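These are my notebook entries on a structure that I consulted. I set down what I looked up, one topic at a time.

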Amino acid sequence: MPILSLLLGIALPSFLGWIFLRHIEGKSIRFFLAERLALSWMMGLAILLSVSFTLNILLSVPFSFVGFFGTWLVLVAIFFVAAVFRKIHVFVPSAKPVGDSQRPRRWIKIALILLLVWTGVKVCIGAAMMAGTPAYFDDTIKNWNSRGKVYFYTQNYEVKLPIDEGVNGYPPYVPLAKTWISTINGDWNEGASNLLHIVWFLSGAVLVWALLRRLTESSWALFGAYAYISLPLVFMHGVSAYADISLSVFAFIAIGYLSLGLKDRDNAYLALSAVAAGLLPFIKNEGLLLYVSTFIAIAVVASLASVWKKHMTIHSLVKSQVLPFALSFIVLSLPFILFKIMNGLAFGNAKGVSGLELGWHDGVVFAMTVNMFFEGNWLLFFPVLLLLLAWKWKHVVRLPLWPIALFCAMLMVGQMLIFIFTPLAIEALRQTGFSRGIVQLMPLLTVLGVVLLSRVFHKEA
Amino acid sequence: MSRFLIIASFLVLSVTPFSAHAEWKTVLNLTGEAPQGQWGGSNAVLTATPDGLRIQAQAGGASLLKVTATHPIDAVRITFANSPRTPSTLLWHRLKDPPNSLFELAIPLGAGGPDEIVLPVANFDTWDRYTDVLGLGFPQGGDTTVSQIEFIGWSFSEKIWSGVRSFFVKDNITAYSINFLWGPLIVTDSLAIKELYQQQPPFGISVNRFLYALILLAAAALFVWALWSRKTLGIARGQKAIIIFFLVLGFLWIAYDARMGGEAIANFLQDLRTYTFAEPGKKQFRNQQNFNDAVERSLPVLTSVDRFAVLVPDGVPIVKYVLYQAYPKGVPLEAGRPLSEADAILVFRREDISVDAAGRLLRATSGDPEVLSASGSILEQFDPISFLYRKDQ
């Protein structure tokens, strides 16, 4: 049954991810239960699929039930034995959020309940639609779903694709996840593989809540999760078989936990952040071309500043960030990068980025302005965010917000400049690449906006 | 309670005069020997016929009408006795422009037969509600018979009400919905409401402009209130004003979410109703109509033959969907190979392709039809111009 296959397909990698997270946490417990489940799923699945990919291209281990399950079993055994060796308990109670400084008012509780019920209704109907309707959007058909189907039937990572050759340079995370679910199901099942996207989407919402819960009161955290899901274009991606939401969650883990780690001087958060960053190239092409380099720039600056202020030593910097990132990148992402180089596959989405002529492109600034302020994509998000950034700028330049703000600013401004000054302007004029870039940053931008908003009320109430 | 009744009564009475004249209409009947209106133009011959005013224009010709409507014009309805088969445009003159300076708007073409075109012209920036000259232009020439022209205008209160109603008109999910969503668009007449989102880009004003205006108004009002409280009453209300401002923002956010979330839910429920839970043979999926249903019903054949082909309208990117669904058992005909080598062909919305009595699959050309496959039969008919063809073995 597809639903059982989906549940098992979620549970098995999550168990792997759970043990991995326990290694990250070490002797102390940090993660809330919902947060732990979301992180376990995201990290566990990525580790499983990346290792499965590497074993397939190196040793021809097939994408079959035996191949996937054998890989999973070996990984679980390795992590479990390592946990025993390090004297880490795998099954522990989760951390509980710190209580609110004052109880939220009754009308706020009622409002939040209503908003969350409304959100739940939307998500459930969206899930029913995903499970019961055929693939519709272009990239779903020619890339994410068709590749998942090809890998399922051939049980191999194919370079030559029967439906669209132009997508063979895209990272395999999303399609392999679909292959994984269908392998457990015993047959290709589009509905079950589509529902994975809702799981990624909800994981992102849970992680937004968890980070906000550490930085604000419970009401704000719940409001933040609601606000994130309420963004219409984000919601559309959440209930569609595209890869931008899954990238957004890994980018969130990378930068969100970097910020938290720097603020709390907590090596566990920093290590998690580094591992997630190392995985980015395995998720989507932008992960390598844009996100990893930006992450490294911010992490280096932030970490060196911490060392200079004596909040951290060089030794702990290397142990908590450099080594985890290097290990993650080399083991989980580099195999795919080398595979692309050896097979001459493209690195850029849609069009290559090298050799482009620079020049001003008319209409791009207008198109971006309309997209952000005069369409239904983001509700009132950007005007409110700009107001909050101007008003509460002092919070933006301090921890924990400055890495998030700087990361988003660098990527948004960087992409805007690319769209304005290169022939990739078409991606802005047609509102394709530009919109996706914002979707990918939205979990981080939501945290930024909600924390600043909470500071308004915190001071003014 | 009595204070509420007084205020409510005042509000109702104050809008009553506005609502008394909701819609104005001027109808010009062009049938018969004496079509109404004063007509002129250039490079066009006008002839009165029982069906309407026949306009035979050369390339670049135009026929112009002196507008005698005594009310503002927000929409124009043109009824053609025969559908125009050549591109034509609506022409109009703005009062502030020189006499020969005209604006134009392309008129959608019909497929054949009587055709009524409604043009919600007030939604275009260059329209003049008090235009004195209206006309039809024929860039490539043409022969068209117009049986009636209506000029329609609406009162201020009707426009406000239409604006409110247009907020709730939803867009459908289409190929661009994964990249952007238009959001609510405000138009000010009931005819434009029917046409919303039917053309790309759609006309109408983004509701965001009104929301920003409301937000600025709220900010200004709260600022004044806080300032007045401090200066006049000596009460510091700045903090309260800020909280109220953000509560207003929160309310608007939730209202906007309700609208956009409602659009998403309505679209998803429509998908479930028209596709997921519909009977095979009657399934419709978004703007692809019965395409997915046709593919699903064709798959058993497409995946059992040696080679299959798909014929769809030029430029419509739906073939990859068939390849994706048929994979791995279905093997498509290689590019460049003749169609006669395909054992089964899915033909979708191709009115130029048919099967004759001898079972030959034919494509209409300007001369003799081209034979695509020598003998076979239609296994399934999905609609008048879509079918599954199987070559005889």
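I began with a definition: a crossing counts as left-handed if the near helix is turned anticlockwise from the far one by less than a right angle, and as right-handed if clockwise. I also noted that helices (H or I, at least four residues) and strands (E, at least two) are DSSP runs, numbered from the N terminus.

The model is predicted, with local features needing pLDDT of at least 70 and side-chain atom pairs counting only at pLDDT 80 or more, while totals for chains, interfaces and linings use all residues. Residues are numbered from 1 along each chain as its sequence is written, chains are lettered from A and ligands numbered from 1 in the order in which they are written, and side-chain values use heavy atoms, with hydrogens and water left out.

Entry: H5 and H6 of chain A.
I looked up helix H5 (residues 138-154) and helix H6 (residues 173-185) of chain A, which pack at an angle of about 50° with their axes 8 Å apart. Axes here are lines fitted to C-alpha atoms, for helices over the stretch in contact, and angles run from 0 to 180 degrees between N-to-C directions. That angle makes H5(A) oblique to H6(A). For the classes, angles under 35 degrees count as roughly parallel, over 145 as roughly antiparallel, 65 to 115 as roughly perpendicular and the rest as oblique. H5(A) passes H6(A) in a right-handed crossing. On the H5(A) side the contact includes A:Trp144, A:Tyr151 and A:Phe152, and on the H6(A) side A:Val174, A:Pro175 and A:Leu176 are among the residues. Contact means heavy atoms within 4.5 Å. I recorded six nonpolar, five polar and two charged residues in the contact of H5(A) with H6(A). Ala, Val, Leu, Ile, Met, Phe, Trp, Tyr, Cys and Pro count as nonpolar, Asp, Glu, Lys and Arg as charged, and the others, Gly among them, as polar.

Entry: H2 and H3 of chain A.
Helix H2 (residues 33-59) of chain A packs with H3(A) at an angle of about 120°, their axes 10 Å apart. The two helices, H2(A) and H3(A), are therefore oblique to each other. Their crossing is right-handed. From H2(A), A:Ile47, A:Leu48, A:Leu49, A:Val51, A:Ser52 and A:Leu55 meet A:Phe68, A:Thr71, A:Trp72, A:Leu75 and A:Phe79 in H3(A).

Entry: H10 and H17 of chain A.
Helix H10 (residues 244-264) and helix H17 (residues 401-421) of chain A pack at about 150°, with axes 8 Å apart. This makes H10(A) roughly antiparallel to H17(A). The crossing of H10(A) past H17(A) is right-handed. A:Ile255, A:Ser259 and A:Leu262 in H10(A) meet A:Pro403, A:Ile404 and A:Phe407 in H17(A). That contact of H10(A) with H17(A) has five nonpolar, one polar and no charged residues.

Entry: backbone details.
I found a cis peptide bond joining A:Leu399 and A:Pro400, with omega about 5°. A:Pro400 is in the loop between helix H16 (393-396) and H17 of chain A. The peptide bond from B:Tyr327 to B:Pro328 is also cis, with omega near 5°.

Entry: chain A against chain B.
The contact takes 65 residues from chain A and 52 residues from chain B. I counted two salt bridges between the chains; such a bridge is a side-chain nitrogen of Lys or Arg within 4 Å of a carboxyl oxygen of Asp or Glu. The side chains of B:Lys320 and A:Asp164 meet in a salt bridge (2.8 Å, N to O).
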